[in-house]
Amino acid sequence: SIIDMQFYGNGSVFEIFQSLQILRIEEMPEWKDWLVPRKGVFCGLQELHIINCPKLVGDLPKQLLSLTEFELSGCPGLVLSDGRFSMFNSLDLYSLKKLKIFNMPSLEDFTSELKKLTGLEDFEIGNCPRLTSIWSMPLDMGRLPASLKTLKISGCPQLQFLPKDCFFGSLEQLRIREAGAG
């Protein structure tokens, strides 16, 4: 139920996963904690996919400076009681270009997290039935990232939408399905 320091072996932690570019963790129903050394373990990681790990709580690796794609699905333990993610405040995700979030039934608000992803180009979110907000109002207080080209929303029936005169900047593709309370 824990990925701890034994996972990284006996060698120098800074040498273990330097070349790893894609990490996919799926179907780990009993996984609860991921203990990661503070520096250097996943410095070259470009894609991280964590799928169907319902008991996972707490933080993820913090220094993901090369991460361009992040997928998180079916990990409700990563959502705090206030309906926000626990880990996005402590992650360095400035290089992130593509983000997918699915099957997070208790996620209610993604506004502050989305504002920090200034280089994000592709954002998909779905099957988050309690999600009410991904943008802040008034619009000049916080918009979708200016770099965003693709936005796909599905299965978020409580999501509040922006006014019709909203400016979406560089958005090239917008797909909304089974979403929107107003």
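## Confidence of the model

The average pLDDT of this protein is 80, and 77% of the residues score at least 70. The model is predicted. Confidence is lowest in helix α1 (residues 13-16), where the mean is 55. It is highest in strand β6 (residues 98-102), at 96.

## Strand β7 and its burial

Strand β7 covers residues 122-126, and five of its five residues are buried, so the strand is largely enclosed by the rest of the structure. In a regular strand, side chains alternate between the two faces of the sheet. In β7, Asp122, Glu124 and Gly126 point one way, while Phe123 and Ile125 point the other way. The residues on both sides are all buried.

## Neighbouring strands

Strand β7 pairs with β6 in the parallel sense, over five bridges. Within this pairing, Ile125 of β7 is the bridge partner of Ile101. Strand β7 is also joined by five bridges to strand β8 (residues 150-156), and these two strands run parallel. Here Lys152 of β8 is the bridge partner of Glu124.

## Glu113 in helix α2

Helix α2 contains Glu113. This residue is buried yet has no salt bridge. The nearest side chain of opposite charge belongs to Arg84, 4.2 Å away, whereas a salt bridge requires a separation within 4 Å. Apart from neighbours within four places in sequence, Glu113 is in contact with Arg84, Phe85 and Phe88.

Key: Residues numbered from 1 in each chain as written. Heavy atoms only, no water. pLDDT = per-residue confidence, 0-100. Helix = DSSP H or I, 4+ residues; strand = E, 2+ residues; numbered from the N terminus. Buried < 20%, exposed > 50% of the residue type's maximum accessible area, 1.4 Å probe, protein only. Pairing = 2+ DSSP bridges. Lys, Arg positive; Asp, Glu negative; His and termini not counted. Contact = heavy atoms within 4.5 Å.
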